[in-house]
Amino acid sequence: MIVLNDIHKHYGRVRANDGISLTLEPGQIYALVGENGAGKSTLMRVLAGHTRPTSGTIEIGGETISYLTPTLARERGVGMLYQDPLDFPAMPVWENFQLGAPKRTKQEVIDVIGELSYRLDACFLPDEPVSSLTVGERQLLELLRLLDLGATTLILDEPTTGITPEQKQDLFNLLMKLAREEQHTIILVTHKLSEAYELADSILIMRQGALVSTLQPPYNEKELVTLMFGEAAEGVEDELPQLPPAGPTPRLAMNDTHFAGPKYSMGPMNFIAQPGECIGLAGLDGSGQELFLRGICGLDRMPRGVMSLDGKEYRSNDFNTLRRAGIQFVPADRLEMALFPALNLMEHIKLAFPDRRGDLTEFYETQCVESFNLRAHPDTNASELSGGNQQRLLLSLIPDDSSLLLMEHPTRGLDAGSARQVWNHLKGRCAKGASLIFFSPDLDEVLEHSHRVIVFYDRAIAGIVDREHATMDIVGALMAGKPISELMETTR
Amino acid sequence: METFGLTIAAILVAGAPLVLATLGETLTEKAGIINLSLDGSILLSAMVAFAIATTFDNPWLGVLGGMAVGATIAGVLGLIGIYLGQSQLAVGFVLTLLCRDLAYFLGHSFSRQPGPNLGLWHIPGIGEITLFGPIFASQSPVVYMGLAAIFACWWWMYRTEGGMRLRAVGESPRAAFGRGIRVRLVRLCYCLAGGALVGMAGAAFSLAVKPGWGRPQGCEGAGWIVLAIVIFGGWHPVRAALGAFFFAALQVSGIYLQEIFPSIPAPVFQVAPFPMMILTLLAVNMGRQGWVQDIVRRHPFLKKFSNAWSIDAPAALGQDFDPKKGL
Amino acid sequence: MKRDSLLEQIGWLGAAIALALLLTIIVTLPSGAPPFETIYVLFKGGVGSMSKIGRVLASWVPLTLCAVGLLIPFTARLWNIGVEGQVIMGAIFCAGAMRPFDEGGMLQIAIAIIAAMIGGALWALLAGLLRVFGRVHEIFSGLGLNFVALGITLWLIFGPWRRPGVASMSGTQPLDMSLWLPRLGKLSVSWVGLALTFAAIIVIYILMHRTEWGLKLRAVGENPKAATLFSLGPRRRLLQSFMICGALAGLAGAVQVLGVYHRLLPAISSNYGYTALMVGMMASFRLGLVPFICLFFAILNVGSIQLPLQMGLDSSLSGVIQGIMVLSVFIVQGLRLWLNNKREAG
């Protein structure tokens with residue numbers, strides 16, 4: 001049994017955890033739900049010994065201590081699985097497995113991996129570098145490693161991001177087995193209520209750094225939503241705008257196009273997008289959707305093929321030319337890729353609209369404050385903005401006449417209110433005739449906001465599915481590599 | 001055959017300090033720390049090694065002194081760069097200039113003085129063996145030190161638990177911390193170990209390869225070449241050592257070329273390794289250029305070569321890590 | 001985070017100076033020299049008389065030109081270590097441009113200065129091209145090119161440009177008096193050099209803080225990937241920043257040839273490039289501090305010439321002190337950071 005007692009964790013003025021007390025029993029599956037920024041991950045890092053709490057105590061194994069280190073946590077049987085696996089991609093499977101464990105020979109390690117894999121129905125080649133595995137496989141390997149270290153309390157931070165529905169089902173079955181048969185404590189950190197319903201014996205709800213409630217089944221969805229989002233739960237999400245009838249010139253047409261990135265290349269691809277269309281990209285990490293977006297905007301090369309935009313043909317995809325032609329790219333990693341951390345908002349406006357002369361204060365008011373509700377002083381540095389405000393800033397920097405928006409995970413790290421605002425804005429642009437191509441590791445989000453879904457598998461387009469056919473089952477199967485012909489037959 | 005053997009022997013000697021320093025820097029960088037102070041470190045440790053050897057009339061004490069100096073400089077870099085969170089590149093660069101000037105300042109009274117050196121080791125009974133004989137029958141100890149260090153580094157990095165941890169902190173300090181490895185301490189340790197090897201290289205210069213101390217000593221610029229060789233060597237000790245011998249071979253061939261083309265002034269040959277250094281780095285990074293990748297994709301059999309040619313740096317090279325901030 | 005008060009800042013500065021003094025004494029102990037007397041001789045040698053102050057200013061001019069120039073590539077987060085070689089290249093181009101003239105006046109001097117700036121800029125461009133298109137880190141390209149520039153100087157002095165009869169380290173045939181930069185009164189510094197340096201400081205200030213170019217360069221330095229997304233042309237801008245720095249370094253080379261040595265010699269750059277890098281680091285690349293630190297470093301450089309004469313010590317002590325000062329600033333900055341973090345956590 002683990003008891004957390006009045007845990008506080010403050011980062012400067014931000015109170016990520018504000019006095020949390022919690023008891024975890026063996027053999028139980030808990031779901032820790034809350035919005036982005038509610039403090040779920042921080043609390044779990046405290047429990048895994050990866051962060052020291054500002055104050056509070058942890059009672060574990062009959063002992064009361066003020067903080068854990070990774071080593072102490074391991075000795076007490078606590079193991080944590082991160083959303084992006086915390087492993088060493090360049091190193092082989094067996095070394096990843098061994099690092100942090102008591103000393104053994106390579107052969108012993110290989111034997112242990114083989115035995116555990118057999119028990120849990122997995123397969124790993126010990127000398128393969130971890131970088132060649134999928135995110136799902138890397139998570140499974142981490143899970144095996146934690147079990148081998150004797151972990152009896154397993155924390156899984158958003159484990160279903162970036163894996164197929166099938167892999168998710170396998171993972172959930174495994175977790176269920178570990179809790180029921182081996183009396184492990186499982187804590188599933190998630191922002192998806194559906195996962196919590198499916199698995200949890202009790203749901204812990206966090207909001208703004210505090211544990212607001214613990215619920216037991218049967219769950220009342222309305223109560224849960226209100227507890228989780230508070231007032232933000234109210235609010236309307238716009239419908240996906242009706243697709244206008246296809247005109248003579250498509251917005252984007254790709255003709256036997258090849259793209260080549262630093263890690264891999266793909267092609268030939270043929271594809272047409274219409275004005276006003278929202279197109280979602282689905283696929284496991286590294287299946288090609290990233291290169292697809294980066295290729296269209298010209299950040300990665302187009303060695304062969306042709307691309308046309310509004311009827312104008314481009315044989316090479318020069319970024320600046322395409323940008324002038326109306327293509328805008330918004331990366332998922334906003335602060336790392338798209339903003340200048342130590343420049344202020346006004347300077348961003350100056351850089352984004354170089355043709356605008358004179359006083360930009362008024363422009364800032366209309367562009368950022370009024371249309372985006374970006375409540376920050378123009379002297380604020382980009383690094384001091386919250387994730388939601390960063391995305392608002394980026395969207396406000398996109399000129400109104402842009403015709404094709406390419407977005408990587410538009411709502412990454414945003415709370416529900418901000419996410420809804422972002423989607424309403426994007427849909428508004430589509431209704432005015434702009435096209436949107438986006439991807440998200442959250443399959444629900446892709447299905448909800450797309451007229452069509454392009455599924456990528458193994459660095460190629462596996463299939464293009466209409467809205468009416470785009471169900472979790474079909475898209476999930478395509479993502480896992482089932483051929484489209486087979487799937488379409490079974491649905492008929 | 002005889003001259004060939006002697007040429008090889010000359011390359012081995014000229015390459016020994018480069019190999020030692022390259023291995024040292026490879027260890028440090030594999031742990032994620034860039035020690036840019038190499039050029040100054042080598043000079044200062046060369047000076048101290050010579051001074052100690054002269055004062056105590058014992059060259060091996062000089063080697064130890066050189067190693068201590070190298071480790072101390074690396075320790076300063078480690079403390080400021082790892083624990084005080086300052087830019088490793090900036091601190092390393094300042095240390096380079098500082099140590100160079102310090103070497104000239106403190107070594108003033110040892111300048112152009114006669115002093116002991118490490119001499120040669122004679123191995124009886126192998127003189128008659130073809131090729132091997134002329135190379136190893138009577139050879140400087142630094143050559144054996146260099147060759148032993150290559151094997152030791154390779155074995156430590158790829159065959160031991162400690163080496164696994166070393167690579168882990170250089171690949172992903174966050175993940176290493178999550179596995180209970182004390183990232184900063186491990187990094188500091190390899191900083192010190194690498195620095196000691198660099199110091200040994202300095203001693204090898206002033207006590208064997210270019211015996212004596214003076215201004216210039218003759219090893220100016222070697223540290224920069226070593227930093228480039230580490231990149232060329234793809235952070236692998238064996239390949240890095242081959243790179244070091246390649247540059248030594250260039251130096252040796254420069255001496256021959258100078259005899260063949262007496263009209264070209266000597267300074268031209270002295271700076272020749274530096275454009276070579278730039279060209280080598282240019283060539284190593286070529287595999288990352290888009291057009292090269294296109295060719296490779298069209299001819300898959302080239303893939304093996306291009307993969308082996310352009311090796312990625314340790315993923316966390318030069319990034320600092322503060323465990324207090326958590327993951 | 002609130003800014004520290006002025007008093008606190010001065011306190012930290014004092015701590016850095018005390019630390020530097022302490023470290024200097026420690027590392028120079030093995031030389032057996034009396035530390036305080038040595039430091040006294042050093043400073044007296046720098047500011048003891050008008051002629052010495054003139055020499056300090058003559059040394060301040062090229063040092064400041066290089067250090068101010070370095071701010072530009074550093075704003076783009078580039079380490080132009082090749083600045084030393086760019087000074088040398090400037091000197092070579094300057095000497096080359098002067099070769100046809102046996103005598104002349106301001107016109108010839110102006111031509112030589114422009115040639116020097118072009119030479120420095122081209123040499124910097126080479127390092128920039130290697131960085132931008134060849135993916136060779138500018139530390140290596142710059143450093144390698146420094147040695148190459150030195151090699152070219154030596155080759156010219158011993159080869160095509162050697163003095164009739166003698167080819168020696170003492171350099172090429174001296175320039176005619178009429179081609180020298182005019183001096184400031186009896187001091188060994190030229191008013192032209194001083195004027196150009198002040199002009200350079202002002203131009204760099206305007207460029208960095210008052211123009212769109214400066215803002216864009218800062219953006220490129222902050223985040224090159226985002227700069228690509230904003231179509232700021234990061235590659236072109238990096239090359240431009242290198243070339244501006246190279247041109248100022250070339251100008252420093254010209255001042256060395258026309259105002260100080262009046263010929264090309266192997267030690268023409270006097271290590272000003274490397275010293276300027278130290279100045280930049282010590283000033284944390286803040287323009288306002290650069291001229292003052294340059295002045296201090298110039299005093300050390302000039303004063304150290306007295307050391308071999310009066311104390312029998314090597315003149316490289318000035319470099320040692322400069323290095324220790326920069327290191328002390330780093331240590332004090334690190335301690336401040338550490339204390340701040342601790343205060344925030346506790």
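This is a predicted model: local features need pLDDT of at least 70, side-chain atom pairs count only at pLDDT 80 or more; totals for chains, interfaces and linings use all residues.

**Entry 1: chain B overall**

I started with the secondary structure of chain B and found 15 helices and two strands. Next I looked up the radius of gyration of chain B, which is 20 Å. The globule rule gives 20 Å for 327 residues, so chain B is as compact as a globular protein of that length. Along the principal axes, the C-alpha atoms of chain B fill a box of roughly 55 × 55 × 40 Å. How much of chain B is buried? I get 53% of the 327 residues. I also checked contacts in chain B with a separation of 6 or more, and 77% of them are between residues 24 or more positions apart.

**Entry 2: chain C overall**

I ran through the same list for chain C. Chain C has 14 helices and zero strands, and I noted its pattern along the sequence as α-α-α-α-α-α-α-α-α-α-α-α-α-α. The radius of gyration of chain C is 21 Å, which agrees with the value near 20 Å that a compact globule of 346 residues would have. The box I wrote down for the C-alpha atoms of chain C is roughly 75 × 60 × 35 Å, again taken along the principal axes. Buried residues come to 54% of the 346 in chain C. Of the contacts in chain C with a separation of 6 or more, 77% are between residues 24 or more positions apart.

**Entry 3: a helix pair in chain C**

I wanted one helix packing in detail, and picked H4(C), residues 83-98, against H10(C), residues 234-261. Their axes come within 7 Å and cross at roughly 55°. That angle makes H4(C) oblique to H10(C). Which hand does the crossing of H4(C) and H10(C) have? I have it down as right-handed.

Then I listed who meets whom. From H4(C) the contact includes C:Val83, C:Gln86, C:Met89, C:Gly90 and C:Phe93. On the H10(C) side I noted, among others, C:Cys245, C:Gly246, C:Ala249, C:Gly250 and C:Leu251. The residues of this H4(C) to H10(C) contact divide into 15 nonpolar, six polar and no charged.

**Entry 4: where chain A touches chain C**

The contact takes 16 residues from chain A and 14 residues from chain C. I looked up which elements give two or more residues to the chain A side, and they are H10 (319-324), H11 (334-338) and H12 (345-352) of chain A. Which of them gives the most to that side? It is H12(A), with four residues. By type, the chain A side divides into 11 nonpolar, two polar and three charged.

Most residues other than glycine have a negative phi, and most peptide bonds are trans. I went looking for exceptions.

Two cis bonds in chain A went into the notebook. A:Pro217 and A:Pro218 are joined by a cis peptide bond with omega about 0°. A:Pro218 lies in the loop between strand E10 (210-215) and helix H8 (221-229) of chain A. The bond from A:Gly267 to A:Pro268 is also cis, with omega near -5°, and A:Pro268 lies in strand E12, residues 265-273, of chain A.

I then noted two positive phi values. A:Asp256 has a phi of about 50° although it is not a glycine, and I found it in strand E11 (residues 252-260) of chain A. Is A:Asp256 buried or exposed? It is exposed, with 11 other C-beta atoms within 10 Å. B:Asp57 has a phi near 55° and lies in the loop between H2 (38-56) and H3 (59-83) of chain B. B:Asp57 counts as exposed, with 11 C-beta neighbours inside 10 Å.

**Entry 5: B:Tyr190**

Last stop was B:Tyr190, in helix H9 (residues 183-209) of chain B. I got 26 C-beta neighbours inside 10 Å, so B:Tyr190 counts as buried. Which residues does B:Tyr190 contact, leaving aside its neighbours within four places in sequence? I wrote down B:Leu27, B:Thr28, B:Ala31 and B:Leu166. I also checked B:Gly127, 63 residues from B:Tyr190 along the chain, and their C-alpha atoms are separated by 39 Å.

How values were computed. Residues are numbered from 1 along each chain as its sequence is written. Chains are lettered from A and ligands numbered from 1 in the order in which they are written. The radius of gyration is taken over C-alpha atoms; the globule rule is 2.2 Å times the number of residues to the power 0.38. A residue is buried if 20 or more other C-beta atoms lie within 10 Å of its own, exposed if 12 or fewer, and partly exposed in between; C-beta atoms are placed from the backbone. Two residues are in contact if their C-beta atoms, placed from the backbone, lie within 7 Å. Ala, Val, Leu, Ile, Met, Phe, Trp, Tyr, Cys and Pro count as nonpolar, Asp, Glu, Lys and Arg as charged, and the others, Gly among them, as polar. Axes are lines fitted to C-alpha atoms, for helices over the stretch in contact, and angles run from 0 to 180 degrees between N-to-C directions. Angles under 35 degrees count as roughly parallel, over 145 as roughly antiparallel, 65 to 115 as roughly perpendicular and the rest as oblique. A crossing is left-handed if the near helix is turned anticlockwise from the far one by less than a right angle, and right-handed if clockwise.
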